[in-house]
Amino acid sequence: MPLQAQQLSGGYADKRIVEAVNLTREKGEWLSLVGANGSGKSTLLRLLSRILPPQAGTVLLDSKSIHALAPTEVAKQLAIIPQQQVLPPGLTVHQLVSLGRTPHQPWWQWDLDSQSKERIALAMEWTDITQYRDRSVAELSGGEKQRAFLALALAQDPQVLLLDEPTTFLDVHFQLELLELLKRLNQQQNLSIITVLHDINLASRYSDRIACLRQGQLWTVGAVDTVLTPETMREVFAIEAAILTTPVGLQICPLSAY
Amino acid sequence: MQLSWREFGLALMKEGDPRYQVIVWDLRLPRVVAAMIVGSALGLSGALLQGMLRNGLASPFLLGISAGSGLVAVAVLGLGIWQIWLPLGAWLGGVATIVLVYFLARTGTGISVERLILGGVALSTLFGAVQSMLLLLSPDGQAQAALSWLIGSLNGRGWQELVVVAPSVLVSLVAGCLLARQLNVLSLGDDLAVGLGSSLMRSRILIGAVATLLAAGAVSIAGLVGFVGLIVPHGVRLLVGTDYRLVLPFSALGGAFVLSVADLLARLGPTEVPVGIVTAVMGSPVFLWLLYRRKSSVGGL
């Protein structure tokens, strides 16, 4: 079931930030969107997740436009974790994760059915937050909070998970912890992941493919070792960089900025 | 007039002294029912709007209902014309204002919460100015009647007001409580709500419409009774937590309870005080207390 962007363009008001992007997600892969500040990578993710309506082009899910499908039908297959999270004080971890079942519950269904309860328990187990079940989400640490939001998305039982810079507010330990967890879900549950990542080295380490954006356009997309070249670094990030072979694959060593 | 419990019970069953029957059935009972309907409508309306706007300072009157209804009421009472149409006029004035505010809040892609609030505030200011002008121009006695309406009162409300408004309020009470899951999702922010499959445009129109029907119904019965719609949802949230499946029905019940008690207090003294004054005098200190108790999350829910 591919997620596909066709000539996708969009932005805010009259300002078009993303221009004519064509992108296809392979089943079960991890695709990272990278680019400099203002390159449109977050905007592209917001377009793919239909938070922003496109100004031109379309996003296809299973060869149907996600804007023509019923919102709950899309939500059953596509989960998103935004960068900025709004938290009502006092909301418990279990309450938060339970809301992930919303698209699977008809509007008149007041409470969770047994299938939903199982899925919620599973999502909390995968993300290792079962012990925080009745704690207030606002009181959790940054890493635990991200895992709680990940559990919410997993409770949705999606095929595709879209994340907007999930590691921004985490220190390096929790960055790795979260990305390792996502990699396990990606491989074991066959969950496709599309994520905006600021850190090119983390992107190259965990992704199957990387899409580089420059000034709202897709500069290049492909497997890590074909994309990670000194030329791409120059064009996409405006840096001079050496490409190193390390125990965790290719990594960038920035040398100088233009 | 004091009735013993026995006399009250007999009168309630339409037996005993016919004077008592009149007092219970035509004076006391409709007024208690009116207080409960108005209170529950304001409580639920406030809870719906605070949830939708994610703003703890939202009240049923924030989006301009008070301004629209108030303007019509002052025009009708102050100028002394078409007074029997006051409830309907106030209702229409309020609903029309909200429709206008929603119209102004449209953006290219949807309805923005900030624009809703700012549009409501701007229209309230404008209508408020016209309202003050009309008050200044109207003769003394009529200005007083208009003022008492603006403060909110249940004095002399009977069955004829209730039968017109109560059905729409009762239907809206049920409809409002059914929106609870929608509000739970919206409380996580717009982006995540979209991710969970809600349509922001549709839920904002739906929630706004139900909250408006409730508030307009309340206003057309009792005028602008303040603070119930602001305070009650806060108190309920302190008691039952953040889940709107509990917050909404309890806000309705809490509103009914608070306004019934306030109306009882309003009638205790030698001269009757408009119930709006009682709710404001009781409500303001409670509100300040809540505000300073939760310094860390002012305006948060």
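## The nonpolar core

The largest nonpolar core runs to 154 residues, and the ones with the most contacts inside it are V97(A), A151(A), V38(B), A41(B), A215(B) and A218(B). Keep in mind that this is a predicted model. The top contributor to this core is helix α2 of chain B (residues 18-53), which puts in 12 residues.

V38(B) is worth a click. Leaving aside residues up to four places away in sequence, V38(B) touches A218(B), I221(B), A222(B), V225(B) and L259(B).

## α2 against α7 in chain B

How do α2(B) and α7(B) pack? They sit at an angle of about 35 degrees, with their axes 10 Å apart, and α2(B) passes α7(B) in a left-handed crossing.

On the α2(B) side you'll find P30(B), V33(B), A34(B), I37(B), S40(B), A41(B), L44(B) and L48(B). They meet W159(B), L162(B), A166(B), V169(B), L173(B) and G176(B) in α7(B). By class, that contact has 12 nonpolar residues, 2 polar and no charged.

## α7 against α10 in chain B

Helix α7(B) (residues 159-178) also packs on helix α10(B) (residues 200-222): their axes come within 9 Å and cross at roughly 155 degrees. That angle is why α7(B) counts as roughly antiparallel to α10(B). The crossing is again a left-handed one, with α7(B) passing α10(B).

Helix α7(B) brings E161(B), V165(B), S168(B), V169(B), S172(B), A175(B) and G176(B) to this contact. From α10(B) come V210(B), L213(B), L214(B), G217(B), S220(B) and I221(B).

## α3 against α4 in chain B

Next up are helix α3(B) (residues 65-79) and helix α4(B) (residues 86-104), whose axes come within 7 Å and cross at roughly 145 degrees. Here α3(B) passes α4(B) in a right-handed crossing.

I65(B), A67(B), G68(B), S69(B), L71(B), V72(B), A73(B), V76(B) and L77(B) make up the α3(B) side. The α4(B) side consists of L86(B), G89(B), A90(B), G93(B), G94(B), A96(B), T97(B) and I98(B). Sorted by class, the contact holds 11 nonpolar and 6 polar residues, with no charged ones.

## Where the chains meet

Between the chains, 23 residues of chain A are in contact with 23 residues of chain B. On the chain A side, the elements giving two or more residues are α2 (71-75) and β6 (78-81), and α2(A) gives the most, with 4 residues. That side of chain A has 16 nonpolar, 6 polar and 1 charged residues.

## A buried lysine in chain A

Is K41(A) buried or exposed? K41(A) counts as buried because the number of C-beta neighbours inside 10 Å is 27, against a cut-off of 20 or more. K41(A) is found in helix α1 of chain A (residues 41-48).

What does K41(A) touch? Not counting residues up to four places away in sequence, the partners are L33(A), V34(A), G35(A), V196(A) and L213(A). K41(A) and G216(A) are 175 residues apart in sequence, yet their C-alpha atoms are 7.5 Å apart in space.

Methods:
Residues are numbered from 1 along each chain as its sequence is written. Chains are lettered from A and ligands numbered from 1 in the order in which they are written. This is a predicted model: local features need pLDDT of at least 70, side-chain atom pairs count only at pLDDT 80 or more; totals for chains, interfaces and linings use all residues. Axes are lines fitted to C-alpha atoms, for helices over the stretch in contact, and angles run from 0 to 180 degrees between N-to-C directions. Angles under 35 degrees count as roughly parallel, over 145 as roughly antiparallel, 65 to 115 as roughly perpendicular and the rest as oblique. A crossing is left-handed if the near helix is turned anticlockwise from the far one by less than a right angle, and right-handed if clockwise. Two residues are in contact if their C-beta atoms, placed from the backbone, lie within 7 Å. A nonpolar core is a set of buried Ala, Val, Leu, Ile, Met, Phe, Trp, Tyr and Cys residues joined through C-beta atoms within 7 Å. A residue is buried if 20 or more other C-beta atoms lie within 10 Å of its own, exposed if 12 or fewer, and partly exposed in between; C-beta atoms are placed from the backbone. Ala, Val, Leu, Ile, Met, Phe, Trp, Tyr, Cys and Pro count as nonpolar, Asp, Glu, Lys and Arg as charged, and the others, Gly among them, as polar.
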